[in-house]
Amino acid sequence: MFTLPKLSYSYTDLEPYMSEQTLLFHHTKHHQSYIDNLNKLIQNTEFEDLSLEEIIRQTADDIKYESIFNNAAQTYNHNFFFAHLSPNGAQTPPAELFKGIEKTFGSYEIFKSEFKNAALSQFGSGWAWLAEDGKEHLKILKTSNADTPIAHHLKPLMCIDVWEHAYYLDFQNRRADFIDTFLDHLIKW
Ligand code: MN
């Protein structure tokens with residue numbers, strides 16, 4: 001049985017960068033729905049007692065488990081996203097990761113620009129990520145719909161939700177402005 005994680009900030013704490021209305025709907029309606037659906041779908045199945053990560057890996061790429069995968073992955077992705085929003089302004093990565101980002105991308109500014117491009121070019125609903133493979137290589141990737149780095153055996157380090165429900169009330173069609181606002185005011189490492 002999965003439950004909606006409590007936020008470490010209040011629904012008004014991210015204003016003016018993310019409105020109370022956006023955060024409230026996103027957390028208590030969208031995120032909650034994925035969790036409720038997942039709990040119903042796994043009840044009395046072999047997935048009932050598994051971790052979220054195990055459910056995701058065991059249902060990925062299997063059409064008969066598509067609904068379980070989608071709701072488990074969206075539960076994971078939203079748990080991660082809401083844990084990486086800062087009510088105290090944008091943060092920079094911890095020192096060791098910062099060095100890794102500079103080594104991989106050239107500079108933190110270049111990383112931000114490449115992350116933005118991934119988020120902006122995700123066609124339709126999805127996510128952009130910074131993730132690490134088992135060999136400590138950093139990579140930026142974008143995923144469609146519910147897909148998640150967990151399904152590809154990558155460790156997520158950062159993400160942005162670019163489903164329209166994440167930004168439409170505040171930014172309408174201006175996804176680029178939402179991504180800039182996230183990177184400049186909300187990102188929490
Ligand atoms: Mn979302």
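Which residues does Leu 85 touch, not counting residues up to four places away in sequence? In this predicted model, the contacts of Leu 85 under that condition are with Tyr 9, Leu 14, Met 18, Phe 182, Leu 186 and Lys 188.

Leu 85 also belongs to the largest nonpolar core, which has 60 residues. Leu 85 is listed there with Phe 81, Ile 101, Leu 130, Ile 160, Phe 182 and Trp 189 as the residues with the most contacts inside this core. The greatest contribution to the core comes from helix H3, spanning residues 66-83, which gives eight residues. Because domain 1 (20-83) and domain 2 (95-186) both give residues to the core, it lies between them. In soluble globular proteins, nonpolar side chains tend to be buried together.

Aromatic rings are a further feature of the model, which holds 16 aromatic pairs. One of these is formed by Phe 105 and Phe 111, a tilted pair with a distance of 5.6 Å centre to centre and an angle of 50° between the planes. Phe 105 is buried at a relative accessible area of 13%, and Phe 111 is buried at 0%. Phe 111 also pairs with Trp 189, and since the ring centres are 5.9 Å apart with the planes at 55°, this pair is tilted. Phe 111 lies in helix H5 (residues 108-121) whereas Trp 189 lies in the segment after helix H7 (175-186), so the pair ties together parts that are 78 residues apart in sequence.

Thr 59, in helix H2 (residues 52-59), is buried, with a relative accessible area of 1%. Not counting residues up to four places away in sequence, Thr 59 touches Phe 47, Tyr 65, Ile 68 and Phe 69.

Definitions and conventions: Residues are numbered from 1 along each chain as its sequence is written. This is a predicted model: local features need pLDDT of at least 70, side-chain atom pairs count only at pLDDT 80 or more; totals for chains, interfaces and linings use all residues. Side-chain values use heavy atoms; hydrogens and water are left out. A nonpolar core is a set of buried Ala, Val, Leu, Ile, Met, Phe, Trp, Tyr and Cys residues joined through side-chain atoms within 4.5 Å. Buried means under 20% relative accessible area, exposed over 50%, partly exposed in between (1.4 Å probe, protein chains only). Helices (H or I, at least four residues) and strands (E, at least two) are DSSP runs, numbered from the N terminus. Domain bounds come from an automatic or database domain assignment. Contact means heavy atoms within 4.5 Å. Rings of Phe, Tyr and Trp (its six-membered ring) pair if their centres lie within 6.5 Å; planes under 30 degrees apart count as stacked, over 60 as edge-to-face and the rest as tilted.
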